[in-house]
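This report describes the architecture of one protein chain and then turns to selected residues.

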Amino acid sequence: MSSIHSLAFIFFFFLLFIFSSLAVNIKNYGAVPDGETDCTEALQKAWTDACEMENDDATIEIPEGSYLIGPVMFKGPCKSPNLSIHLAGALLAKEDLNLYKPNWIEFQYINGLNLYGPGKIDGRGGTAWAENRCRQTDKSDCKTFPMNMVFSFVNNAGISGITSIDSKYFHVLVFSCKNITMDSVTVTAPGDSPNTDGIHIAGSENVLVQSSTIGTGDDCISVGDNTVNLNVTGVTCGPGHGISIGSLGRYPNEQDVVGLTVKNCTFNGTLNGVRIKTWQNGPKYLEVRDLVFENITMNDVDTPIAIDQKYCPSRTCPSNLKPSRVKISNVQFNNIAGTSAGKTAISIVCSDAFPCDDVQLDNIDLRYNGPGEADATCINVKPTIIGTVNPVDCTN
């Protein structure tokens, strides 16, 4: 072998060594994929080491198998500009609620993150759901439970091919983040599991959720205040409560929601389709504007299109509350068709104090799955009608 070939051979294996060393395998830290051995410390140590790597593409490998873990905190900032976690196996949550303060898997203060599957994150929430009383009392006063995944102060991140199962509370929370893409994500929990929202987004900017399937006991996707430029496309929702903006307008520190697009989505047997909900008696003026809901299919959805500015989940709100102080404007409902399980297919109930402005209904065809025809309710709003709209009541 010539000296040139020898040097090339040595250089090749040097590169192979360098690139393979970028992968941190949790088995090398003592993790055992039997679903019974506690792997919390192994996973936490793997993160610590990977976060300290200065390479461009440090990766944590979670191989096939089941790994039992308690609460973990993946905290930055990290030295690698693009840290990846390859989840091929399944992470199983411990069931003891006393371990969590308050969530299960948390990502904080990271710039450049890639979490990809095809693995699973199983919250094993069945025992916790039995203790959840939030549907029997005011949600602001009820005890919360651990969420499967929380992303807070995370920028430039991608989450793809991951399945979240049976969270004890919300499945995914995205809070105070920028430039987040969630692609081909599956979220699943029984339709009667309490407060198991699929993805909740708040205080965040430039978030994309696409090509995903979400079925839970609450909202498939819920949007909190101070959310700017959220795009949801190609999502299948059901069971659950639909895709909801809000509830908003209850607390004094809330900020506007601006720029949301939901398109090319399908709703199957959900309580609502697309919905905006705001509280009465709010402490401050707030705006929700520049929203587009288009190219949507509704299959046996109780209320496919809803704006509810008299939101009262407990059904026991007093009648003398002050009108909602949330101003809703520039909202388009375009090309929405399918079937309604409830007779009222369109319910747009706006604030007495701040009526909705610039609401557009364009090419709506919703048919009631029962005797007679679907109807619509429009209060404190005069929608602009384009094309054919069925049911027709809001056009009068």
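**The chain as a whole**

The model is predicted. Its chain contains three helices and 30 strands. The radius of gyration is 24 Å, close to the 21 Å that the globule rule gives for 396 residues, so the chain is as compact as a globular protein of that length. Along the principal axes, the C-alpha atoms fill a box of roughly 85 × 50 × 40 Å.

Of the 396 residues in the chain, 51% are buried. The accessible surface comes to about 17100 Å², and carbon and sulfur atoms account for 50% of this area. Contacts may also be sorted by separation in sequence: among those between residues at least 6 apart, 78% join residues at least 24 apart. As for charge, there are 28 positive and 42 negative side chains, and the centres of these two sets lie 6 Å apart.

**A helix and its buried residues**

Helix 2 covers residues 40-52 and therefore has 13 residues; at 1.5 Å a residue a span of 18 Å is expected. From the first C-alpha to the last, helix 2 reaches 19 Å, close to that expected value. Which residues of helix 2 are buried? They are Thr-40, Ala-42, Leu-43, Ala-46, Trp-47, Ala-50 and Cys-51.

Asp-38 is found in strand 2, which comprises residues 34-38. Its relative accessibility is 43%, so Asp-38 counts as partly exposed. When residues up to four places away in sequence are not counted, Asp-38 touches Leu-68 and Lys-94. Asp-38 and Asp-219 are 181 residues apart along the chain, and their C-alpha atoms are separated by 32 Å.

Ser-347 belongs to strand 27, formed by residues 344-349. Is Ser-347 buried or exposed? Residues under 20% relative accessible area are classed as buried; Ser-347 has a value of 18% and is therefore buried. Leaving aside neighbours within four places in sequence, Ser-347 is in contact with Thr-303, Ile-305, Ala-306, Ile-307 and Thr-377.

**Backbone features**

Most residues other than glycine have a negative phi, and most peptide bonds are trans.

| Item | Feature | Angle |
|---|---|---|
| Tyr-109 | positive phi | near 55 degrees |
| Asn-195 | positive phi | near 60 degrees |
| Gly-238 to Pro-239 | cis peptide bond | omega about 0 degrees |
| Gly-246 to Ser-247 | cis peptide bond | omega near 15 degrees |

Where are these residues found? Tyr-109 is found in strand 8, which runs over residues 105-116. With a relative accessible area of 41%, Tyr-109 is partly exposed. Asn-195 is found in the loop between strand 14 (186-188) and strand 15 (199-202). At 1% relative accessibility, Asn-195 counts as buried.

Pro-239 is in the loop between strand 20 (236-237) and strand 21 (243-248). Ser-247, which is joined to Gly-246 by a cis bond, lies in strand 21.

Notes. Residues numbered from 1 in each chain as written. Predicted model: local features only at pLDDT ≥ 70, side-chain atom pairs only at ≥ 80, totals over all residues. Heavy atoms only, no water. Helix = DSSP H or I, 4+ residues; strand = E, 2+ residues; numbered from the N terminus. Rg over C-alpha atoms; globule rule 2.2 N^0.38 Å. Buried < 20%, exposed > 50% of the residue type's maximum accessible area, 1.4 Å probe, protein only. Contact = heavy atoms within 4.5 Å. Areas by Shrake-Rupley, 256 points an atom, 1.4 Å probe, with all protein chains shown as cover. Lys, Arg positive; Asp, Glu negative; His and termini not counted. Charge placed at Lys NZ, Arg CZ, Asp CG, Glu CD.
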